[in-house]
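Have the sequence and the 3D view at hand, and try each task before you read on.

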Amino acid sequence: MSTHPDYNAMSDAEFRKIFRDWVDVNCPQHLRFMRKQRPTFDEVADWYHALNDKGWLSPVWPVDYGGMGLDAAKHIVYVEEWARLGCPRIPDHGIGLTGPLLIEHGSDEQKAEFLPKILTGEHVWCQGYSEPGAGSDLASLRTQAVRDGDDFIVNGQKIWTTLAHCANWILLLVRTTKSDKRQHGITVLLVELSSPGVLVRPIKNLREEEDFCEVFFENVRVPARNVVGEVDVGWALAKSVLGHERIFLGAPSRPEYALTRLEILARDRGAFEDAAFRSRYARLRLDLYDLGSAFERFAKVLREGGTLGADVSVLKIFCSELYQRITEEMLTVAGEEARYYDDLPVGDAGGAIDVMNLYLDSRAPAIFGGSNEIQRGILAKAVLGLPSR
Amino acid sequence: MPKIILDDPDQTLSMLRESVETLATRVDGAARLRRRRADGGDLDRDLWSEMAAAGWLGLLLPEDMGGSALGPAELAVLAEGLGRNLLTEPFAALAVLPGQILSAIGTPAAATIAQGLADGSRITPLLWQDAQGARAPLTLAGNGEAMTLSGTAHFVTAAASATDLLVLSERDGVPALVVLPARNGPAGSGGITVSSRPGLDGATIGQVTLSDVAVAQDQILAQGTAVETALQAAIQITRFALAAELAGVGAKALEDTVAYTRDRVQFGQSIASFQVIQHRLVDMWSDAEFACSAVTNAVEMLTEDTPAAAAQAVLAAKARAGDSAVTITRRAIHLHGAMGFTDECNIGLFNKRAITLNAMLGQSEDLRLEFLAQEMATKSTAA
Ligand SMILES: Cc1cc2nc3c(=O)[nH]c(=O)nc-3n(C[C@H](O)[C@H](O)[C@H](O)COP(=O)(O)OP(=O)(O)OC[C@H]3O[C@@H](n4cnc5c(N)ncnc54)[C@H](O)[C@@H]3O)c2cc1C
């Protein structure tokens, strides 16, 4: 790995150009604007390794740990260019979740053991938080870890674990103590999925793709050294990792992409000749434009070294609902063709628009990452200061 | 809970309702849909035969065509029941649409085909739509002994299972309804090519290309304005059946979501106890109510034999029921959380079925515009 230039000392424009030029040459064309939202590690392994060789796999980790050490402003540029060039989402729970958690709260041994293996792709992580009985109410989680000598013994079940069937490690939230205050008594554990007693069962989603899973734990032994931070105080740890990255839950890339697809479909089907459609399209276009402005307003806070408040949730709500409205408009433009499950042909050159793929995909972001109802609840209390019942 | 409310003096409607529910206790609609989808099929012939045996396929047909000679009220109740139970065999597109055309034509040849349709022995889709669902250019050329049929039809229901193809063609600008055996004719007589694409509701959708298929005089079932009149009337009654089915889809998705959110506990309480969820459910219920009353209104208008009013009522019902079912089922997915995003949970199938039925024979906006155009036309003649 080469020594890095100081990216943070560059102007945003300068960094943008360097990043874009290299990525555009090096990210394989067949991986651009992939149909699949969450490709598996194997599908994008070449790109993952190329990024790591360049030292660009991990934008925010400190340079000492093999990251780029970008500040929030440069990180935004990184994410924007990534989306603009249509790079595929890489299995990023190691880079985005386990890594930052260990960097902040892990022991030196844990950092030395796990961080390099995330970068090489030897460890592929998944996020084991949600349970059948603990979704929006995550603190009610019941998967249990009981101390036994140098180990913990884990019993219980996780669900909706994205790409668990393609991962070999899981970042697990477990209950170590039953307590009246439910946030107390939760612990973060690093668990190898090949451990005896772990069973992973993929679940088909609305697109009939297997991209999330159930993960069962039956008397699984996990060494006590795999506890991150202190026992029983994992809730605060888990909540702390998001930080400035909460802004990306509202990054306009999904609706932006969907709108380009809608435009192509509408041109091909002659919908722009219809004044009613033009008017609806104009609204969607300006909603997207205004989402950009709102995103900028929060990005500016970060650029000036500030921290985000609870109000940033507004981006996630608007963004996910805009994505839905755009894909719903696609179904209207499709007319009778909305009956097809496969992609709709456009033009004479074999092009196609994945209307149904996008429509079904757009159902998810309003649910995950804290559902839009939960986000509205946060805004009501933390921003408007409204009373609880 | 919302349902299509109709006068039922001699209990035929409630008996019909019951017979759909009885079938649905034996036949798991969602499971059949998934099986058909996995097989890449376009029709579940066993289930279709059961529907024939129950007298449903010929519900509207006159008795001398093997039908039960029932009317819009019975049709609404049956279609609603199919929608509620996710019995997704193509009742509207494959029983109602071709059946109504055949019965309107009414010749002995048409009656024979209609009888086969009613008893389930003949699968007779109508070929008439292009790639976007508009009228397809299907051309009948030549005269007397030397006639051929050419063109491509899209959105052909049960194309691979078909025994006969009803082709809505044109000869020199005059409509002609032609029946073809679905398999290739004698060698050298040109061919029929069938391909298919996956449909959202788990049934494949056919494309049929006819290349100089030989046609004999007795294969022309009807010509001229009679064909056009039959088609328009059949489209209207099919849209009506779709509206009733959509009303059933929406109402059942609402009921299932009420049940799910009642049972689902988060933060120590049923999520249905949160006011925002209650209000959302009430909006969905209201959508379902309006869909059902729009269909009831259409039943009345169709029964009263006031053609202009009936035409408007059907347009309104399909538009309302389509929007309502699509919106209810979309919200239902969201209220199921991640569970709603799975293929295992039936709520997604309701959404897919609603989108499919809504897209058939005109989406809501087109129907509303047609409604308005008819109303304007009536006003200007009155003035
Ligand atoms: C595609 C996808 C990928 C995912 N990947 C992962 C993963 O990798 N790891 C992981 O741990 N989890 C993952 N999840 C799970 C996700 O975090 C949960 O779906 C989410 O927390 C919601 O929980 P739930 O699905 O149980 O819904 P529920 O909490 O049961 O909610 C059901 C409905 O009720 C509403 N609701 C709930 N509480 C309230 C309230 N207090 N007020 C008003 N409305 C309320 C919700 O908004 C929702 O509409 C994923 C989910 C999806 C859809």
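This is a predicted model: local features need pLDDT of at least 70, side-chain atom pairs count only at pLDDT 80 or more; totals for chains, interfaces and linings use all residues.

Residues are numbered from 1 along each chain as its sequence is written, chains are lettered from A in the order in which they are written, and side-chain values use heavy atoms, with hydrogens and water left out.

**Exercise 1. Salt bridges in chain A**

Task: Find the salt-bridge partner of A:E329 and say where the two residues lie.

Step 1. A salt bridge is a side-chain nitrogen of Lys or Arg within 4 Å of a carboxyl oxygen of Asp or Glu. Over all chains, the structure holds 52 salt bridges.

Step 2. The partner of A:E329 is A:R280, with the closest N and O atoms 2.9 Å apart. Because A:E329 lies in helix 9 (residues 313-334) and A:R280 in helix 8 (residues 275-303) of chain A, the pair ties together parts that are 49 residues apart in sequence. Helices here are DSSP runs of H or I with at least four residues, strands are runs of E with at least two, and both are numbered from the N terminus.

Step 3. Now check how covered they are: buried means under 20% relative accessible area, exposed over 50%, and partly exposed in between (1.4 Å probe, protein chains only). A:E329 has 8% relative accessibility, so this residue counts as buried. A:R280, at 25%, is partly exposed.

Step 4. A:E328 is buried at 17%, and A:R363 is buried at 4%.

**Exercise 2. The surroundings of a histidine**

Task: Which side chain does A:H123 join in a polar contact?

Step 1. Locate A:H123 in the loop between helix 5 (108-120) and strand 1 (125-128) of chain A. A:H123 is buried, with a relative accessible area of 8%.

Step 2. A polar contact is a pair of N or O atoms within 3.5 Å; within protein, one must be able to donate a hydrogen and the other to accept it, and residues adjacent in sequence count only if both atoms are side-chain atoms. The side chain joined to A:H123 in this way is that of A:W169, at 3.2 Å.

Step 3. Contact means heavy atoms within 4.5 Å. Leaving aside neighbours within four places in sequence, A:H123 is in contact with A:F114, A:K117, A:I118, A:N168 and A:W169.

**Exercise 3. Positive phi**

Task: Where are A:E208 and B:L361 found?

Step 1. A:E208, with a positive phi near 60°, sits in the loop between strand 6 (198-204) and strand 7 (210-223) of chain A. A:E208 is partly exposed at 26%.

Step 2. B:L361 is not a glycine, yet its phi is positive, at about 55°. B:L361 belongs to the loop between helix 10 (347-359) and helix 11 (364-382) of chain B, and is buried at 11%.
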